[in-house]
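Subject: Structure handover

Hello,

Here is the structure we discussed, with the sequence alongside. My notes on what was found in it follow below.

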Amino acid sequence: MPDYDLHHHGDREVGPGLVDLAVNVRLPRPPSWLRAELVSALDTLAAYPSSVDAAAAVAARHGRAVEEVLVTAGAAEAFTLLASALRPRRAVVVHPQFTEPEAALRAAGHDVSRVILSETDGFVLDPALVPADADLVFVGNPTNPTSVLHPASALLALTRPGRLLVVDEAFLDAVPGEGESLAAGHPGVVVLRSLTKTWGLAGLRAGYVLAEPGVVERLRAVQVPWSVSTLAGVATVACCRPSALEEAEKLAYAAESDREYLVSGLASAGVAVLGDPRGPFVLVRAPGGAALRERLRDAGYAVRRGDTFPGLGPDHLRLAVRDRATTDAFLKALEEVR
């Protein structure tokens, strides 16, 4: 099995003075109303944190029972909890995708099988590719780094008795209407959500798990006490309010428009955008991509290398969607360094 740096993430591409197109956090800072709520909670930090209110807010937001919610220190913590709590006979990760699920499984001593989706058909999910004896399956939706949004029907085709399907929906709130989400609840399905991408909270670590009560209890049993900070809990409650959901939907539509603008500009520049991107980032293939990434860095732009994702290589680059002024400046720099 090819060796990949599964612990490489976009933040390692960023540096002083660089325009960040490598990290998929969409806001440069939390919005003012959210910052105000976080500041107001500072005086409570002497007390140990409780995630009771946050779990209730998540449950109400998704129409789930509170017993089906586990608040986590970012969605990434959930991968470690799953790897620690479960004893799969055959774990499968559908790639290319976020590498932390496989990294967490391997760190916990599990063998991992990879299913690699094909670039030639746009990284479309074919449920038949997943081995029938897989009892733990991980897939992203929309998938990082391909930005492909898999149909809910294809995901549900992966479910079967004795199998747990884990769907990473960290970027689903960036899709207008949250189409194809499985967050409403399905037997044998675990959904992971993140608040860090939409609300500029990567440094706070806020996310949650939606699953059947028995699965939630198994994960809770291996979760470090007080792993979810008071501020993360406050942010979770705030971001689940109807007003925040309405704002997130507006941000999703804006990101969709900005993504289409980026895709159009890349096409005009002769850069191949892969798949049918639906998230706030795109995957491109550019000959000599590794050298191009360094030239872009010299020109002041950080982009995400693709060769640390199983199934991709050095000619693949992931670009975060930004506002049109940033995109215009980037496309100009791209033209100059190619």
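**Salt bridges and a helix pair**

Glu37 is partly exposed, with 22% relative accessible area. Please keep in mind that the model is predicted. The partner of Glu37 is Arg241, and their side chains form a salt bridge with an N to O distance of 2.5 Å. Arg241 counts as partly exposed too, at 34% relative accessibility. The two residues come from distant parts of the chain, 204 residues apart: Glu37 belongs to helix α1 (residues 32-40), while Arg241 sits in the loop between α8 (230-239) and α9 (242-268).

In total the structure has 19 salt bridges.

Arg322 and Asp20 meet through their side chains, at 3.8 Å from N to O. That pair spans 302 residues, from strand β1 (residues 19-21), which holds Asp20, to the loop between β12 (316-320) and α11 (324-337), which holds Arg322. Are these two residues buried or partly exposed? Arg322 is buried, because its relative accessible area of 15% is under the 20% cut-off. Asp20 has 22% relative accessibility, so Asp20 counts as partly exposed.

Arg90 pairs with Asp133, and their closest N and O atoms are 2.8 Å apart.

The remaining item is a helix packing. Helix α3 (residues 75-85) packs against helix α4 (residues 100-107) at an angle of about 35°, and their axes are 8 Å apart. The crossing of these helices is right-handed. Which residues of α3 and α4 meet? From α3 they are Phe79, Thr80 and Ala83, and from α4 they are Glu100, Pro101, Ala104 and Leu105. Sorted by class, the contact has five nonpolar residues, one polar and one charged.

Regards

Methods:
Residues are numbered from 1 along each chain as its sequence is written. This is a predicted model: local features need pLDDT of at least 70, side-chain atom pairs count only at pLDDT 80 or more; totals for chains, interfaces and linings use all residues. Side-chain values use heavy atoms; hydrogens and water are left out. Axes are lines fitted to C-alpha atoms, for helices over the stretch in contact, and angles run from 0 to 180 degrees between N-to-C directions. Helices (H or I, at least four residues) and strands (E, at least two) are DSSP runs, numbered from the N terminus. A crossing is left-handed if the near helix is turned anticlockwise from the far one by less than a right angle, and right-handed if clockwise. Contact means heavy atoms within 4.5 Å. Ala, Val, Leu, Ile, Met, Phe, Trp, Tyr, Cys and Pro count as nonpolar, Asp, Glu, Lys and Arg as charged, and the others, Gly among them, as polar. A salt bridge is a side-chain nitrogen of Lys or Arg within 4 Å of a carboxyl oxygen of Asp or Glu. Buried means under 20% relative accessible area, exposed over 50%, partly exposed in between (1.4 Å probe, protein chains only).
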